[in-house]
Amino acid sequence: MSAFSSSAAPRAISRALRSSRPSPRWTRQLSTQIARRSPSLSTKGHINSSSRPVLRHPRALPNWAIGGCRSIFIQTENTPNPDALKFLPNHRVVPEEINTPFVEYLNPRSTISPPYPSPLAAKLMNIDGITSVFYGADFITVTKAGDANWAHVRPEIFALITEAITSGETIVNVAERKEGDEGLEEDSLAYNENDSEVVGMIKELLETRIRPAIQEDGGDIEYRGFDDGYVQLKLRGACRTCDSSTVTLKNGIEGMLMHYIEEVKGVHQILDQEEEVSLQEFAKFEEKLKQQKAA
C-alpha cells in the first residue's frame with residue numbers, strides 16, 4: 001500500500017463517510033498533517049507498496065454466444081500466501097442483499113450449515129487437499145494444505161467454478177435464521193451510532209485505507225473490539241494463514257492506526273480456538289525438534 005498523501009487521505013476518509021454512512025456524532029477529524037513521515041501498509045512480502053491498493057473489478061466481457069454457449073473468463077491471482085489462490089470469475093460472488101462483505105468456510109460442515117450454505121463451496125472443500133474457501137464481493141480465495149500441489153487441484157477448481165457460473169447456480173444461499181442470529185450478517189466495520197469517537201475513527205481508517213489492501217491479497221479484516229488502547233483484529237481469507245500476517249498487523253496496520261489515532265497503543269490479533277490449538281501444537285513440535293538437535 002502506498003505512503004499516505006497529506007491531501008488525499010482526509011478527503012478519502014471524509015468522502016467515504018459522507019457517501020456510504022449516516023453522519024456520525026463526532027466532529028473530530030483525523031490528523032494527517034505529517035503525511036510525509038507517516039507509515040504505510042507496506043510489509044515484507046505481503047502488501048505491495050508501489051501504489052495505493054484498489055479492489056479491482058475485472059473488465060466485463062461481452063456475453064456473446066457461439067452455438068448457444070455463454071463465454072466466460074476466470075482470472076487467477078497469486079497471493080502473498082503460497083497456499084492460497086485468488087479466482088476472479090467476472091461474476092458477483094457474495095450477494096448484495098446480505099450485509100456481510102465476505103463469507104468464509106473452514107470445514108465441509110460449514111458449507112451446508114446456516115447462515116450461508118454454498119453448494120460450490122461444498123464441492124471445492126471436497127477436493128483432496130483443500131482446507132478453506134473464502135468468498136469476497138467478486139472473488140473466491142481457495143486455500144490448500146501445504147503438501148497439496150496446485151498443478152493437481154487448480155484444474156478441478158477451475159472446472160467447478162466455471163460449471164457453477166455457466167449453469168446459473170446460486171453461489172451463496174441465505175438459510176432461514178433462528179432467533180438471535182441477526183448479528184451474523186453485520187459487517188464489523190459498519191457504522192454504529194453507539195460507537196465512541198475513537199472507535200468510529202478506527203473503523204473509518206480500517207475500511208478506507210486498510211481493507212482494500214487486504215482484499216487485494218485475497219482476504220479481509222474483521223474488527224473485534226477496542227480495549228485499553230489496543231485494537232483487536234482478525235485477518236480472514238488468504239491472510240488468515242499467511243506467514244507474514246503478523247508482520248502485516250504489527251508493521252503495517254498497527255503503525256498506521258497509531259500514527260493517525262493517538263489513543264491507539266497497539267494491535268492484537270484474535271485467533272479462533274482451532275487456530276490457537278494449531279499454534280500450540282506447532283510450538284510443541286518446534287520444541288521437540290530443538291531437543292532432538294541438542295541431543
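1. The strands involved are β3 (residues 75-78) and β4 (residues 84-88), an antiparallel pair held by four bridges, and a hairpin of five residues connects β3 to β4. Strands here are DSSP runs of E with at least two residues and helices are runs of H or I with at least four, numbered from the N terminus; two strands pair if DSSP finds at least two bridges between them.

2. A word on what you are looking at: this is a predicted model, in which local features need pLDDT of at least 70 and side-chain atom pairs count only at pLDDT 80 or more, while totals for chains, interfaces and linings use all residues. Residues are numbered from 1 along each chain as its sequence is written, and side-chain values use heavy atoms, with hydrogens and water left out.

3. On confidence, pLDDT is the predictor's own score for each residue, from 0 to 100. The chain has a mean pLDDT of 78, with 68% of its residues at 70 or more. Residues 1-20 have pLDDT below 50, and the model gives this stretch 46 contacts beyond near neighbours in sequence. Residues 32-38 also stay under 50, with 11 contacts beyond four places in sequence. A contact means heavy atoms within 4.5 Å. Where pLDDT is low, the predicted coordinates should not be read in detail.

4. For the overall picture, the chain holds six helices and 10 strands. Of its 295 residues, 45% count as buried, where buried means under 20% relative accessible area, exposed over 50% and partly exposed in between, with a 1.4 Å probe and protein chains only. Among contacts between residues at least 6 apart in sequence, 69% join residues at least 24 apart.

5. Angles run from 0 to 180 degrees between N-to-C directions, with axes fitted to C-alpha atoms, for helices over the stretch in contact.

6. The largest nonpolar core has 28 residues, and the members touching the most others are Leu 120, Leu 124, Val 133, Tyr 135, Ile 140 and Ile 157. Such a core is a set of buried Ala, Val, Leu, Ile, Met, Phe, Trp, Tyr and Cys residues joined through side-chain atoms within 4.5 Å. Elements giving two or more residues include β4, α2 (119-125) and α3 (150-166), and α3 gives the most, seven residues. Setting aside neighbours within four places in sequence, Ile 157 contacts Phe 87, Leu 124, Ile 127, Ile 130, Val 142 and Trp 150. Apart from this core lies another, of 23 residues, including Leu 205, Ile 221, Cys 239 and Leu 249.

7. Another open sheet has three strands in the order β8-β9-β10, with mixed pairing. Its edges are β8 (219-227) and β10 (266-269). β8 pairs with β9 (residues 230-237) in the antiparallel sense over eight bridges. Helix α4 lies across β8 and β9, whereas α5 lies across β8, β9 and β10.

8. Those helices, α4 (residues 197-216) and α5 (residues 245-260), pack at about 145° with axes 11 Å apart. Among the residues making the contact are Leu 205 and Ile 210 of α4 and Ile 253 and Leu 257 of α5.

9. Finally, is Asp 220 buried or exposed? Asp 220 lies in β8 and is buried, because its relative accessible area is 1%. Arg 211, found in α4, also counts as buried at 5% relative accessibility. Asp 220 touches Arg 211, and its other contacts include Phe 134 and Lys 234. The C-alpha atoms of Asp 220 and Gly 136 are separated by 8.0 Å, although these residues are 84 apart along the chain.
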